[in-house]
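Hi everyone, thanks for making time this morning. I'd like to walk you through one model, so please have a look at it first.

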Protein chains: 2
Amino acid sequence: MGREWNDSQPIYRQLRDRVVAMILDGVLKEGDPLPSVRNVAAEYRVNPLTVLKGYQQLVDEGLVESKRGLGMFINTGARKLLLQGERQKFLAEEWPRVHATIQRLGLKPEELDAAAKRRSSPDGAQSKTAESKPRKEER
Amino acid sequence: MGREWNDSQPIYRQLRDRVVAMILDGVLKEGDPLPSVRNVAAEYRVNPLTVLKGYQQLVDEGLVESKRGLGMFINTGARKLLLQGERQKFLAEEWPRVHATIQRLGLKPEELDAAAKRRSSPDGAQSKTAESKPRKEER
DNA sequence: TTTGGTGTTATAGTTAACTATAACACTGTC
DNA sequence: GACAGTGTTATAGTTAACTATAACACCAAA
């Protein structure tokens with residue numbers, strides 16, 4: 001049930017990020033429908049409009065296509081698009097900050113490894129591609 | 001000059017984080033006054049109330065003391081407090097997410113190292129402690 | 001005492017995020 | 001056609017973040 005929301009980011013963006021993660025992890029493959037707006041809204045006890053907003057973001061990014069009366073579906077090429085875009089975004093915008101924090105706190109590889117195990121996996125499904133571990137949101 | 005603001009987080013929290021970084025980096029030492037609310041507001045062209053809100057956060061965390069008519073000053077023990085608190089917070093709340101993203105995107109140490117050079121810190125001061133890069137993965 | 005620097009409070013307005021509730025538009029199936 | 005599932009739009013209200021402007025409270029030094 002209710003996965004928790006991170007207060008450091010709007011819900012609709014976290015929703016978008018979760019779908020992105022699911023695509024990257026292979027949980028959602030191209031052509032697959034994503035969980036319906038109403039379902040997600042109910043499951044996470046969130047307003048349908050909020051879910052829609054997150055999904056619309058994906059449409060705007062060209063990752064997802066919306067079909068009225070049917071649902072929303074992962075576009076072909078979505079994963080490839082993501083691997084490029086998200087990588088660049090992460091390396092340019094997030095990693096430098098995180099890296100600086102690590103340096104600043106004097107954290108050692110061992111400590112990081114030890115802490116990397118925590119998880120709050122939104123769903124059970126798992127992909128068998130490579131070494132992907134349970135997902136979470138990113139960004 | 002105008003530091004830019006990240007739209008993924010409220011300004012007052014980013015302000016708080018910058019002061020924290022300056023304390024950890026030794027730019028601001030215990031007993032030092034932090035830049036005045038009005039100055040910061042002017043320099044970053046931000047509302048004084050927003051700056052105050054960020055500073056108040058630091059007061060609430062026991063890192064800073066406010067002296068009316070004088071300024072706000074770093075408390076003794078602030079750095080130690082931070083090294084404990086921020087470490088735990090980072091390892092528990094931020095790193096797992098980041099680590100998962102790295103795995104998901106299949107980023108390699110070399111790529112991370114290469115990208116770590118930009119904007120490492122809000123201010124100039126840099127700790128020149130050895131360049132330890134997070135490596136490895138559990139499982 | 002005046003001046004110029006501090007933090008702080010008061011009013012009030014804008015915007016983004018989220019919410020509740022309801023209705024509309026479309027699609028496949030019974 | 002009825003129905004049950006989709007996405008979508010409409011109204012309207014709450015809250016948090018940020019803003020502008022102004023005033024108040026305090027302190028040290030001229």
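Before we start, one definition: I call a residue buried if 20 or more other C-beta atoms lie within 10 Å of its own, exposed if 12 or fewer do, and partly exposed in between, with C-beta atoms placed from the backbone. This is a predicted model, where local features need pLDDT of at least 70, side-chain atom pairs count only at pLDDT 80 or more, and totals for chains, interfaces and linings use all residues. Residues are numbered from 1 along each chain as its sequence is written, while chains are lettered from A and ligands numbered from 1 in the order in which they are written.

Let's take chain A. Helices (H or I, at least four residues) and strands (E, at least two) are DSSP runs, numbered from the N terminus. On that basis chain A has five helices and two strands, in the order α-α-α-β-β-α-α from the N terminus on. Of its 139 residues, 31% count as buried.

Now to helix H1 of chain A, residues 11–25. From first C-alpha to last, H1(A) reaches 21 Å with its 15 residues, close to the 21 Å expected at 1.5 Å a residue; that expected span is 1.5 Å times one less than the number of residues. How many of the 15 residues of H1(A) are buried? Twelve are, so to speak, under cover, among them A:Gln14, A:Arg16, A:Asp17 and A:Arg18 as well as A:Val19 and A:Ile23. What do they pack against? The buried residues of H1(A) meet H3, S2 and helix H4 (78–105) of chain A, together with helix H4 (78–105) of chain B. Contact here is C-beta atoms, placed from the backbone, within 7 Å.

Next, the nonpolar core, by which I mean a set of buried Ala, Val, Leu, Ile, Met, Phe, Trp, Tyr and Cys residues joined through C-beta atoms within 7 Å. The largest one has 19 residues, and A:Val19, A:Met22, A:Ile23, A:Leu28, A:Val64 and A:Ile74 touch the most other members. H1, H3 and S2 of chain A each give two or more residues to this core, with H1(A) giving the most, seven. A second, separate core of 17 residues includes B:Ile23, B:Leu24, B:Tyr55 and B:Leu58.

Let's follow A:Ile74 into the strands. S2(A) has a covered face, A:Met72 and A:Ile74, and an uncovered one, A:Gly71 and A:Phe73. In general, side chains in a regular strand alternate between the two faces of the sheet. S1(A) and S2(A) run antiparallel, joined by four bridges; two strands pair if DSSP finds at least two bridges between them. A:Val64 sits opposite A:Ile74. The hairpin has three residues between its strands, and A:Gly69 there takes a positive phi near 85°.

Finally, the DNA. A residue is near a strand if its C-beta atom, placed from the backbone, lies within 6 Å of it. Which residues come nearest to DNA strand C? Of the 24 around it, they are A:Pro10, A:Ile11, A:Gly69, B:Ser36 and B:Gly69. For DNA strand D there are 23, the closest being A:Ser36, A:Gly69, B:Pro10, B:Ile11 and B:Gly69.

Conventions:
Two residues are in contact if their C-beta atoms, placed from the backbone, lie within 7 Å.
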